[in-house]
Each structure stands twice: as C-alpha cells, then as structure tokens.
Amino acid sequence: MNLRKTVTTIAAALAVLSAAAVAPIKTSVPKRPAGASDLVGFALPPIDTVRVGFIGLGMRGPDAVERFAHIPGTRIVALCDIEKERAEKCQSRLDNAGRQRAAVYGGTTNSWKELCDRPDINLVYIATDWLNHAPMAKYAMEKGKHVAIEVPAAMTLDEIWDLINTAERTKRHCMMLENCVYDFFEMNTLNMAQKGLFGDIMHVEGAYIHNLNEFWPYYWNNWRMDYNRKNRGDVYPTHGMGPACQLLDIHRGDRMETLVSMDTKAVNGPAYIEQTTGKKPATFANGDHTMTMIRTANGKTIMIQHDVVTPRPYSRMYQLTGTKGFAEKYPTPAYAFEPDQIAADSIPDHENLSAHGCISESQRQALTERYRHPIIKEVGEIAKKVGGHGGMDYIMDYRLVYCLRNGLPLDMDVYDMAEWCSLIPLSKISIENGSAPVEVPDFTRGAWKKLSGYRHAYK
C-alpha cells in the first residue's frame with residue numbers, strides 16, 4: 001500500500017515536471033490602452049499629396065529619396081541626418097528629378113524632432129540605425145504623422161508594444177519597410193498560392209544569409225557589428241519572415257503561437273573584429289548561424305535562418321511546401337507540382353510533369369507569365385528602371401503612396417511589423433534558456449480572425 005502511494009506520488013511529480021519542461025516560456029500581453037482599438041484592416045480617408053520627411057540619409061535613405069522623386073502624388077518636404085552634409089547632398093537628387101528642394105535638418109542628435117514637428121508633413125520615412133527606429137516612429141505618430149520604418153522597426157518587446165499602442169491610440173499608420181515581399185518571384189508565387197496552385201501551404205522557410213564583410217565599414221559608428229557583438233538571437237529576421245507570413249495569412253486567419261531557436265558558437269564575428277582592430281573582443285554574443293522554428297495556430301510551420309558572417313552564398317531561402325506543390329527561389333527559382341495539379345492551359349507539356357522533380361525552365365516561364373502578379377503588371381517595368389534591389393524597393397514605396405492616396409489599408413500594418421520583428425527578442429529568450437519553446441504573443445489582442453486571408457488592397 002505504501003509502495004503504491006509512493007509510486008503514484010512520484011508519477012504525479014514526474015508528470016508535473018514533464019509538463020513544466022515542455023510548456024513554453026510566456027511573455028506578457030499588455031492591456032490595450034483606454035480609448036484605443038485594433039487596426040486590422042485599418043484605413044483612413046485619401047491623402048491627395050503625400051508630403052514626406054526623411055530621417056537618416058546614410059546607406060538606405062538617399063536611394064529612398066531618389067525613388068520618391070519618381071512617384072506621382074508625392075512632395076519631399078524635408079531631409080534630416082545627424083551629419084547635416086548628407087542631407088544637403090540629397091538635394092541634388094531632387095534637382096535631377098526636377099523636384100523642389102527640401103528643408104534640411106541635422107547636426108545634432110535631436111534635429112529629427114524638428115522635422116517631425118512640421119505641420120506640413122504627413123509621412124515620416126525613417127532609415128537610421130536600428131536603435132533609433134522605434135523612438136523616432138513613436139514621436140512622429142504622437143505628432144500626427146504616419147510612419148514608414150526601415151527594417152527592423154523595433155528590437156525589443158517593449159518597443160514593439162509601444163509602437164502598437166501608439167498606433168492604435170493615435171490612429172496613425174505604422175508600416176515597416178520590408179522590401180522583400182515585393183520581390184518579383186515572391187509576388188508571383190504569392191499570387192499562385194492565393195489562386196490555390198500549391199494546395200494548402202503547410203511549411204515555409206525564409207532567411208537572411210548574406211556575408212557582410214565588405215559592408216561592415218559603411219555602417220555609421222560601427223553600429224551593426226556592435227549590435228551583433230552585444231546581442232544573441234536572430235537580430236535581422238524580417239526579410240525571411242515577411243514573405244513567409246504573407247503566404248500563411250498571419251493575423252488574417254492564423255497566427256504564430258510557439259517558437260524554438262538555437263545558434264552555433266561565435267567564430268567569424270569575433271574573428272572579424274580581431275582582424276580589423278587587432279584586438280580580440282572579450283565577449284561576442286551572437287552565434288555565426290541562428291535557426292528558429294515556429295508553429296502556428298492552424299498547425300503550419302515556419303523556419304527562419306540568420307547568417308551574416310560566413311562565406312555561405314547569399315540566400316533568403318524562400319521555400320514553401322504545400323499539399324499540391326512546392327516553390328523555392330534559392331539557389332535557382334523552381335516549382336514542383338503533383339502531376340494532376342496544373343491545368344493544360346497553365347503550362348505547356350503538362351502531361352510530362354513528375355512528382356519527383358521540378359518543372360522545366362520553359363514550363364516555369366510560362367507559369368510565371370500566366371500568374372504574374374497584378375502589381376508587377378502595373379509597375380514592374382518602371383520599377384526596374386528606377387531601381388532598388390531590382391525594383392522591389394520602388395514597388396514598396398509606390399504601394400505605400402498608392403494606399404495612402406486612395407484611402408486603403410496598407411500592404412503591411414503595425415501587426416506585421418510586430419510579428420516579424422518579434423523574432424529578435426523571442427529568439428534571444430529561447431536561446432538563452434537552452435533553446436526552450438517560447439510563446440509568441442498575440443499582438444492583435446484577439447483580432448487575428450477578423451480577416452480571412454492576406455490580400456493587397458486596390459481602389
């Protein structure tokens with residue numbers, strides 16, 4: 001009798017311990033501020049002329065000024081950089097485009113606030129270092145401005161919730177400038193997915209794999225390498241996350257629930273610092289390679305990778321696996337389908353399809369032509385001419401202006417920003433706790449089922 005009680009007690013204790021071992025680490029979801037409401041599907045009345053001010057004119061900002069100078073319905077009102085001469089230099093881009101010159105700010109760490117304070121600006125475009133993104137965006141929204149923020153828009157959970165709360169309270173658009181969702185292959189494949197060619201999409205993969213050795217010196221005050229030295233986890237996840245989440249309709253009928261992350265040891269990161277400075281860093285937090293796996297409420301999975309220090313060739317992965325088909329962009333664009341999935345009028349020689357390989361190059365080209373995304377049809381050629389990573393940057397800016405001018409929901413809302421950036425703090429939590437599962441907060445606070453499926457808005 002005593003032995004039976006002892007065994008029962010031990011079994012109960014082990015069950016509790018086992019449950020505790022697999023239960024995800026929870027992160028708090030703050031209560032929505034009084035008077036605020038969710039912004040799922042949020043739109044405002046049309047803006048006739050989008051009057052924009054740019055903050056940060058180092059690596060990314062000047063090209064953004066160039067692109068906006070080619071977008072109808074815009075006026076570039078102000079330019080700002082902590083090094084004022086950079087802002088002055090951008091005036092030539094306006095001159096070359098036949099645009100009116102802009103007001104210039106800079107020279108101090110708070111010059112950007114003067115730009116945000118201007119009453120004649122309705123959009124603030126932020127392209128500074130990561131640590132300044134969220135504070136600047138919050139201040140701009142408080143001043144009644146919509147904000148467009150370079151990636152990542154926020155680095156911590158506190159910053160993410162701060163931007164959500166501010167956007168919901170001020171009723172301002174808060175969009176992260178994730179350009180990779182406008183890559184031609186990604187957009188055409190998304191169109192195919194929305195037309196059902198891949199069946200039910202079960203698994204997607206994305207990454208930012210890019211050896212940055214030749215770029216490190218160009219980051220002002222070494223801010224990017226410094227961030228990797230001090231922080232562990234996937235610190236730059238959004239290029240992979242954006243296309244993946246659009247394919248899975250995240251917060252439009254599904255949501256991320258749990259993630260697990262792990263990393264390698266740090267080798268090439270500290271070696272680069274020693275090579276360029278002659279001093280071996282005492283500590284270096286981020287591993288050379290980071291992997292994160294995510295499970296959604298609807299039983300789908302996502303895998304995201306980050307690697308900016310090894311010789312591995314550039315890749316954003318971009319893979320999807322559906323019940324009827326498969327797609328990948330790297331190392332070469334490819335599609336594969338069940339033999340009976342492609343209709344005769346979709347691609348030539350459809351009878352020759354095999355479930356054991358990808359369709360031929362001629363079949364892929366025919367399929368791409370048939371399912372070319374409407375936005376690519378509309379502005380793809382001018383996007384290539386204006387440029388920006390092959391044109392996707394121009395499409396990103398064009399669509400932002402298009403939606404504002406037509407009073408439509410933006411292609412990427414504040415919850416997209418939150419979900420895609422959340423891997424930065426959540427992967428860190430997982431890795432620093434022995435790759436433990438971590439609960440992904442519901443950044444919509446219950447509104448993720450309001451819409452059914454991701455779609456671009458059109459007038």
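## Helix α14

Helix α14 is mostly covered, with 13 of its 15 residues buried. The model discussed here is predicted. Helix α14 comprises residues 392–406; at 1.5 Å a residue it should span 21 Å, and the 21 Å between its end C-alpha atoms agrees with that expectation. Just after the helix, Gly407 adopts a positive phi of about 65°.

## Overall architecture

The protein chain contains 16 helices and 14 strands. Its radius of gyration is 23 Å, close to the 23 Å given by the globule rule for 459 residues, so the chain is as compact as a globular protein of that length. The C-alpha trace spans about 90 × 60 × 55 Å along its principal axes. Among contacts with a separation of 6 or more, 75% are made by residues 24 or more positions apart.

Of the 459 residues, 55% count as buried.

How many of the residues of helix α15 are buried? Eight of the eight residues, 414–421, are buried, so the helix is largely enclosed by the rest of the structure.

In helix α6 (residues 130–142), the buried residues are Trp130, His133, Ala134, Met136, Ala137, Ala140 and Met141. An α-helix has 3.6 residues a turn, so residues three or four places apart point the same way. Helix α6 is followed by Gly144, whose phi is positive, near 85°.

Strand β8 covers residues 256–263 and contains Glu257. This glutamate is partly exposed, with a relative accessible area of 33%. Beyond residues up to four places away in sequence, Glu257 touches Arg295, Thr296, Ala297, Val438, Glu439 and Val440. The C-alpha atoms of Glu257 and Glu439 are separated by 5.9 Å, although these residues are 182 residues apart along the chain.

Gly453 is found in the segment after β14 (438–439). Its relative accessible area is 16%, and Gly453 is therefore buried, the cut-off being under 20%. Leaving aside neighbours within four places in sequence, Gly453 is in contact with Asp249 and Arg252. Between Gly453 and Glu83, 370 residues apart in sequence, the C-alpha distance is 44 Å.

## Backbone features in loops

Which peptide bond involving Pro152 is cis? The bond joining Val151 and Pro152 is cis, with omega about -20°; Pro152 is in the loop between β5 (146–149) and α7. The peptide bond from Tyr330 to Pro331 is also cis, with omega near 5°, and Pro331 lies in the loop between β12 (325–328) and β13 (334–337).

Asp249, a contact of Gly453, has a positive phi near 60° despite being a residue other than glycine. Asp249 is placed in the loop between α10 and β8 and counts as partly exposed at 23% relative accessibility. Met317 likewise has a positive phi near 60°. Met317 is found in the loop between β10 (301–307) and β11 (319–322), where its 12% relative accessibility makes it count as buried.

Methods
Residues numbered from 1 in each chain as written. Predicted model: local features only at pLDDT ≥ 70, side-chain atom pairs only at ≥ 80, totals over all residues. Heavy atoms only, no water. Helix = DSSP H or I, 4+ residues; strand = E, 2+ residues; numbered from the N terminus. Rg over C-alpha atoms; globule rule 2.2 N^0.38 Å. Buried < 20%, exposed > 50% of the residue type's maximum accessible area, 1.4 Å probe, protein only. Contact = heavy atoms within 4.5 Å. Expected span 1.5 Å × (residues − 1).
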